Amino acid sequence: MQEGRIEYFDIAKGWGILSVIVYHVAEIVGNRDIMSFINTYFLSLFFFISGYFAFGKSLSVLSFREYIIKQSKHLLVPFFAVGALFNLYIVFLTGKARLILWEDPKGGYWYLFVLFMFLISLKLIYNKLKE
């Protein structure tokens, strides 16, 4: 195990990844019971893990502006890039331009924007409590 890593978080992330795979296989075969069960925890698990690690050095050291820039590079750039590529893909397939980025919040990349909003809210709360 790599120094500085927390093994049980790696296990939890692995469980989350496996759950996403099982969820999508269950969706393909139409098993709503498995989907409903997995849907009760797998997204929360990823957000909990991300939130736990958000309390790192950058949350307390960086200014609000620096924190927003850092999180934008890590989360919003991929969000908009994937959204634009997906939009081009849809245009290529259908010949019709649509604003996919906002039409389907479950388009597979929605969590990047939600995580960005979560982390910015966390920074605001942290700054307010620190005053």
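Modeller: This is a predicted model. Start with the largest nonpolar core, which has 14 residues. Tyr67, Leu75, Leu115, Phe116 and Leu119 touch the most other members.

Biologist: Which helices supply at least two residues each of this core?

Modeller: Helix H5 (64-94) and helix H7 (110-130) do. H7 gives the most, with seven residues. Apart from this core lies another, of six residues, including Tyr23, Ala26, Tyr41 and Phe42.

Biologist: What makes Gln71 count as buried?

Modeller: Buried means under 20% relative accessible area. Gln71 has 9% relative accessibility, so Gln71 counts as buried. Gln71 sits in helix H5. Leaving aside neighbours within four places in sequence, Gln71 is in contact with Leu76, Phe116 and Leu119.

Biologist: And why is Ser72 called buried?

Modeller: The cut-off is under 20%. Ser72 has a relative accessible area of 18%, so Ser72 is buried. Ser72 also lies in helix H5. Not counting residues up to four places away in sequence, Ser72 touches Val77 and Phe116.

Biologist: How do you know that Lys13 and Asp10 meet in a salt bridge?

Modeller: The rule asks for a side-chain nitrogen of Lys or Arg within 4 Å of a carboxyl oxygen of Asp or Glu. Here the N to O distance is 3.7 Å, so the pair of Lys13 and Asp10 qualifies. By this rule the count comes to one salt bridge.

Biologist: Where do Lys13 and Asp10 lie?

Modeller: Both lie in helix H1, three residues apart, about one turn of the helix.

Biologist: Why are Lys13 and Asp10 called partly exposed?

Modeller: Partly exposed falls between buried, under 20%, and exposed, over 50%. Lys13 has a relative accessible area of 31%, so Lys13 is partly exposed. Asp10 has 21%, so Asp10 is partly exposed too.

Biologist: Which residues of H1 are buried?

Modeller: Phe9, Ala12, Gly16, Ser19, Tyr23 and Ala26 are buried in H1.

Biologist: What span is expected for H1?

Modeller: H1 has 23 residues, and 33 Å is expected at 1.5 Å a residue. From its first C-alpha to its last, H1 reaches 33 Å, close to that expected value.

Biologist: What follows H1?

Modeller: Gly30 does, with a positive phi near 85°. Asn31 is found in the loop between helix H1 (7-29) and helix H2 (32-39).

Biologist: What makes Asn31 partly exposed?

Modeller: Under 20% would be buried, and over 50% would be exposed. Asn31 has a relative accessible area of 28%, so Asn31 is partly exposed. A polar atom of the Asn31 side chain lies 3.2 Å from the backbone nitrogen of Ile34.

Biologist: Now the whole chain. How many helices and strands does the chain have?

Modeller: Seven helices and zero strands. From the N terminus on, the elements run α-α-α-α-α-α-α.

Biologist: What percentage of the 131 residues counts as buried?

Modeller: 28% of the residues do. The accessible surface comes to about 9,400 Å², and 68% of that belongs to carbon and sulfur atoms. Among contacts between residues at least 6 apart in sequence, 62% join residues at least 24 apart.

Methods: Residues are numbered from 1 along each chain as its sequence is written. This is a predicted model: local features need pLDDT of at least 70, side-chain atom pairs count only at pLDDT 80 or more; totals for chains, interfaces and linings use all residues. Side-chain values use heavy atoms; hydrogens and water are left out. Helices (H or I, at least four residues) and strands (E, at least two) are DSSP runs, numbered from the N terminus. Buried means under 20% relative accessible area, exposed over 50%, partly exposed in between (1.4 Å probe, protein chains only). A polar contact is a pair of N or O atoms within 3.5 Å; within protein, one must be able to donate a hydrogen and the other to accept it, and residues adjacent in sequence count only if both atoms are side-chain atoms. Contact means heavy atoms within 4.5 Å. Accessible areas come from the Shrake-Rupley method with a 1.4 Å probe; for residues, only the protein chains shown count as cover. The expected span of a helix is 1.5 Å times one less than its number of residues. A nonpolar core is a set of buried Ala, Val, Leu, Ile, Met, Phe, Trp, Tyr and Cys residues joined through side-chain atoms within 4.5 Å.
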